[in-house]
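Good morning, and thank you for coming. Please keep the structure in view as I speak.

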Amino acid sequence: MAQAMAGSDDSRLFCAEAEQGFPRWRGIVLDTLLGNPAHRIIHAMGDVRASQAPSMAIAYWYPEEHVEVDESGPLPAGWVDLGLYMRPEAQQAQEELFAALTEGKKAFLTEVGAFLYVAFLGTAPACQGQGLGGRMLAHLTVQADAAGKHAYIEAASERNAQLYERYGFRRRGSKTWSLPGAPGSPSLTLTFMSRPPQSQPQ
């Protein structure tokens, strides 16, 4: 999953060097798993223990399986400090991004109740363009439909947003972060999207 995200707009915004994208995203995924050890939140095509499963997602029921990690207190062994891979001037943007992610989920929870949150979805670069991301989305939305629950996801690119729309997700809004003074003026736009439950075939 980290390889799929390494070259994303997120990496270009927060990482001063291109090679920092992979360890940053590896840390994000690892911290997510370390912070939520009690639930099975990984979905993978192929062997998740392999060095590169073709397509992977981290998804869980919110709020039942959501865990808030207090980073001011003791952290799980192996926790990755994302600041090691972030340009200093992006600190405020990262704090705002994390706040927007939290606020978006809480607002949606108030609207519809518990839902399936697709936190991350990625396909290995060598396997992209084969429909694997769509197959993973179909796998996840079937679970949401079976439970009669909405699904919620954030798209980090217009291409991803269009893919999610093909599987029933609709746009709720978007937010952009940028660093005009950084080389290349990197920016990241997140599109917040949701999908209502759909009836199962009889």
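Let us begin with strand β3, which is mostly covered: nine of its nine residues are buried. Buried means under 20% relative accessible area, exposed means over 50%, and partly exposed lies in between, with a 1.4 Å probe and protein chains only. Helices (H or I, at least four residues) and strands (E, at least two) are DSSP runs, numbered from the N terminus.

A word on the source. This is a predicted model, in which local features need pLDDT of at least 70 and side-chain atom pairs count only at pLDDT 80 or more, while totals for chains, interfaces and linings use all residues. Residues are numbered from 1 along each chain as its sequence is written, and side-chain values use heavy atoms, with hydrogens and water left out.

Now to the partners of β3. Two strands pair if DSSP finds at least two bridges between them. β2 and β3 run antiparallel and are joined by eight bridges; here W61 stands opposite L116. β3 and β4, by contrast, run parallel, with four bridges, and F115 faces H150 of β4.

T123 is placed in β3. Is T123 buried or exposed? T123 counts as buried because its relative accessibility is 11%. Its side chain makes a polar contact of 3.4 Å with that of S55. A polar contact is a pair of N or O atoms within 3.5 Å; within protein, one must be able to donate a hydrogen and the other to accept it, and residues adjacent in sequence count only if both atoms are side-chain atoms. Leaving aside neighbours within four places in sequence, T123 is in contact (heavy atoms within 4.5 Å) with A4, P54, S55, Q128, L132 and G133.

Six strands form an open sheet in the order β1-β2-β3-β4-β6-β5, with mixed pairing. At the edges are β1 and β5 (170-178), each pairing on one side only. Further in, β4 and β6 run antiparallel and share five bridges, and E154 stands opposite F192 in β6.

α5 covers residues 132-147; its 16 residues reach 23 Å from first C-alpha to last, close to the 22 Å expected at 1.5 Å a residue. That expected span is 1.5 Å times one less than the number of residues. The buried residues of α5 include L132, M136, L140 and A144. Among the elements covering them are β1, β2, β3 and α6 (158-166). After α5 comes G148, whose phi is positive, near 70°.

Finally, the interior. In soluble globular proteins, nonpolar side chains tend to be buried together. A nonpolar core is a set of buried Ala, Val, Leu, Ile, Met, Phe, Trp, Tyr and Cys residues joined through side-chain atoms within 4.5 Å. Which residues have the most contacts inside the largest core? They are F14, I58 and F120, in a core of 34 residues. Elements supplying at least two residues each include α2 (9-14), β2 (55-62) and β3 (115-123). The largest share, five residues, comes from α4. A second, separate core has 21 residues, including A57, V118, C127 and I153.
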